[in-house]
Protein chains: 2
Amino acid sequence: MAGFDTHLRAMVDRLGGALAATLMGVDGIPVETVETSDLAAYEGLDLSSLLVEYSSVLTQVQRTGDVFAAGPVEELTIRSERLTTLIRPVSSEYFVALALGPNANTGKGRFLLRVHGSALVSELS
Amino acid sequence: MAGFDTHLRAMVDRLGGALAATLMGVDGIPVETVETSDLAAYEGLDLSSLLVEYSSVLTQVQRTGDVFAAGPVEELTIRSERLTTLIRPVSSEYFVALALGPNANTGKGRFLLRVHGSALVSELS
């Protein structure tokens, strides 16, 4: 698991305002999670429960895309008032999620997710 | 309804690769939709059915954000291989969606959605 952790930590360390990065099964069970000290400042935010719910959102979006010919889902972004969550499927069974505070650079987050997401794929196989 | 149509058309006209813009109730019933000629080239894509499904995705994401203290949803982006869909709630009952082909500028789409979304709010009230 050391490899997963390294990639997740590299993402949050390179991005100011990052709260957490996680590798998760599409069933909502986390494989590895890295949280930052910023997350502790988020009063009342239950990020792990939120990500479990978002995993079912991802599944729904993927099924919908298949049925109506939009093609495979490459990225799902949920921007809320207190939190932006970037979700990227890395295989048919796993996805990587990156949770950002409102002041983080979302574009850089997407870039890091793409780069480290690809690296994670090769470690998963 | 002329006002809604004007804002939706302004979005798709100012953005190369835009496929459609729609003002829709959170129950999935469209109020007004503007489609471009590019959409006709998308073989097999059932955009209106896709948007109905996405409206239920938005509802699920909003409920989840309320429960786990992420705050109100400001934007939902679903990037699939053939299609990127930007969804922005404009009131508690309505959202605006902008569907883009893979080569469209998503950043400009988000900007247009924010500007015209705000304008639509004032016409809805």
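A residue is called buried if 20 or more other C-beta atoms lie within 10 Å of its own, exposed if 12 or fewer do, and partly exposed in between, with C-beta atoms placed from the backbone. With that in hand, B:A69 counts as partly exposed because it has 18 C-beta neighbours inside 10 Å.

## Before you look around

This is a predicted model, in which local features need pLDDT of at least 70, side-chain atom pairs count only at pLDDT 80 or more, and totals for chains, interfaces and linings use all residues. Residues are numbered from 1 along each chain as its sequence is written, while chains are lettered from A and ligands numbered from 1 in the order in which they are written.

## Two copies, one rotation

Let's start with how the chains relate. Two copies of a chain are related by a rotation about an axis and a shift along it.

## One sheet across both chains

Now for the sheet. Helices (H or I, at least four residues) and strands (E, at least two) are DSSP runs, numbered from the N terminus, and two strands pair if DSSP finds at least two bridges between them. The open sheet has 10 strands with antiparallel pairing, in the order β2(A)-β1(A)-β5(A)-β4(A)-β3(A)-β3(B)-β4(B)-β5(B)-β1(B)-β2(B). Its edge strands are β2 (30-35) of chain A and β2 (30-35) of chain B, each of which pairs on one side only. From one strand to the next, the twist averages 10° (axes are lines fitted to C-alpha atoms, for helices over the stretch in contact, and angles run from 0 to 180 degrees between N-to-C directions).

Where the chains join, β3(A) and β3(B) run antiparallel with seven bridges between them, and A:L76 stands opposite B:I78. Further into chain A, six bridges link β4 (residues 84-89) and β5 (residues 94-100) in the antiparallel sense. There, A:T85 faces A:A99. Helix α3 (residues 47-67) of chain A packs on the sheet, touching β1, β3, β4 and β5 of chain A together with β3 of chain B, and its direction makes about 135° with that of β3(A). Helix α4 (residues 106-124) of chain A also packs on the sheet, at about 155° to the direction of β5(A).

## Inside chain B

What about β4(B): how many of its six residues are buried? Six of the six are, so the strand is largely enclosed by the rest of the structure. B:T84, B:L86 and B:R88 cover one side, with B:T85, B:I87 and B:P89 on the other. β3(B) and β4(B) form a hairpin with three residues between them, paired over four antiparallel bridges. A second hairpin joins β4(B) to β5(B) through four residues.

The 21 residues of α3(B) should span 30 Å at 1.5 Å a residue, and the end C-alpha atoms are 30 Å apart, which agrees (the expected span is 1.5 Å times one less than the number of residues). Among the buried residues of α3(B) are B:L47, B:Y54 and B:G65. Helix α4(B), with 19 residues, reaches 25 Å from its first C-alpha to its last, close to the expected 27 Å. Its buried residues include B:G109, B:H116 and B:L120.

## Back to residue 69

B:A69 lies in the loop between α3 and β3 of chain B. Its phi is near 65°, a positive value in a residue other than glycine. In chain A, A:A69 sits in the loop between α3 and β3 and has a positive phi of about 65°.

How values were computed. Two residues are in contact if their C-beta atoms, placed from the backbone, lie within 7 Å.
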